[in-house]
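Work through the exercises below with the model open beside you. Try each task before you read its solution.

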Amino acid sequence: MDNCFPSIPSPLSRSASRRRTTVSKRGCSFFRSSSSRKGTDAAMPSPSSKGSWQSQDSKSSSSASFISKSMSGRSSAPIMFSNSSGMLKPPPVEWKLECTLEELCFGCRKKVKITRDVVTKTGQIILEEELLNIKVKPGWKQGTKITFEGMGNERPGAHPADLIFVIAEKRHPLFRRAGDDLEFAVEIPLVKALTGCKLSIPLLGGENMSLTIEDIIHPGYEKIIADLGMPRSKEQGNRGNLKITFLVDFPTQLTDEQRSDILSILQDTC
């Protein structure tokens with residue numbers, strides 16, 4: 001039977017050609033710094049070695065200075081993302097936007113001046129200034145991101161990178177933020193801790209609140225004041241709590257007479 005049916009080559013022959021995909025070795029060139037202006041505009045800040053810079057308040061403007069550099073721990077050629085149009089897009093560029101605790105509590109507007117590369121219709125690359133207006137909403141936390149799509153440097157044949165500002169919370173001299181709560185520590189002498197006291201507690205907005213303590217303040221004693229913390233960004237009208245921690249200041253020395261008086265007073269309380 002094998003001799004009756006000679007082997008016939010298949011008319012359907014398949015061949016595959018391999019194509020080599022070349023990745024652009026041109027990195028995402030960062031924004032270049034521009035000189036500060038005199039007049040009503042504030043001086044433009046320059047980025048730090050970690051790629052962060054301080055922004056000004058709503059009445060001032062800053063400038064981001066972007067430099068061409070490779071990402072830490074990665075190859076010199078940046079990763080380029082492609083889309084349905086076939087054009088490449090470099091990864092987004094992130095910069096810190098520093099805000100005070102007051103700005104994150106009540107909200108504010110930040111004006112940031114940047115200088116970026118723009119491709120003209122003739123294919124030339126020119127420098128162009130942009131003034132970005134960032135609205136910081138009450139209750140935003142550290143790490144909140146604000147994205148400006150396509151506001152990075154432009155390169156021929158590629159989409160411009162996105163520019164992302166990341167909220168960085170400045171350290172406050174009085175308060176410490178814990179989620180939506182504010183923590184405040186107050187130091188009182190031992191006599192007030194045992195007999196009670198009336199205190200003036202500062203608030204984040206600059207006001208002061210009168211607080212009367214009639215309890216005996218022991219180590220670890222806390223007083224929680226509702227609705228005096230940070231606004232809850234996802235719950236409009238609601239706020240966290242203000243936690244007041246008391247630190248008791250003990251005397252460093254006592255006379256024999258004082259020791260005897262204290263012993264006579266407290267020996268029956270323990």
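**Exercise 1. Salt bridges**

How many salt bridges does the count come to?

Solution. This is a predicted model, where local features need pLDDT of at least 70, side-chain atom pairs count only at pLDDT 80 or more, and totals for chains, interfaces and linings use all residues. Residues are numbered from 1 along each chain as its sequence is written, and side-chain values use heavy atoms, with hydrogens and water left out.

Step 1: take the rule. A salt bridge is a side-chain nitrogen of Lys or Arg within 4 Å of a carboxyl oxygen of Asp or Glu. Step 2: apply the rule. The count comes to 11 salt bridges.

**Exercise 2. A pair between two strands**

Find the salt-bridge partner of glutamate 130, and say what the pair ties together.

Solution. Step 1: the partner is arginine 116, at 3.8 Å from N to O. Strands here are DSSP runs of E with at least two residues, helices are runs of H or I with at least four, and both are numbered from the N terminus. Glutamate 130 lies in strand S7 (residues 125-136) and arginine 116 in strand S6, so the bridge ties together parts that are 14 residues apart in sequence.

Step 2: check the cover. Buried means under 20% relative accessible area, exposed over 50%, and partly exposed in between (1.4 Å probe, protein chains only). Arginine 116 is buried, because its relative accessibility is 7%. Glutamate 130 has 22%, so it counts as partly exposed. Step 4: look for further links. Arg116, Glu130 and Glu154 form a network of salt bridges.

**Exercise 3. Two more pairs**

Solution. Arginine 177 is buried at 12% relative accessibility, while glutamate 169 is partly exposed at 25%. Glutamate 183 is partly exposed at 24%.

**Exercise 4. Cysteines**

How many disulfides does the structure hold?

Solution. Step 1: a disulfide needs a pair of cysteine sulfur atoms within 2.5 Å. Step 2: the structure holds zero. Step 3: check two cysteines. Cysteine 105 is buried at 3% relative accessibility, and cysteine 197 is buried at 8%.

**Exercise 5. A loop residue**

Is proline 91 buried or exposed?

Solution. Step 1: proline 91 sits in the loop between strand S4 (88-89) and strand S5 (93-99). Step 2: its relative accessible area is 18%, so proline 91 is buried. Step 3: look across the chain. Alanine 161 is 70 residues away in sequence, yet the two C-alpha atoms are separated by 6.3 Å.
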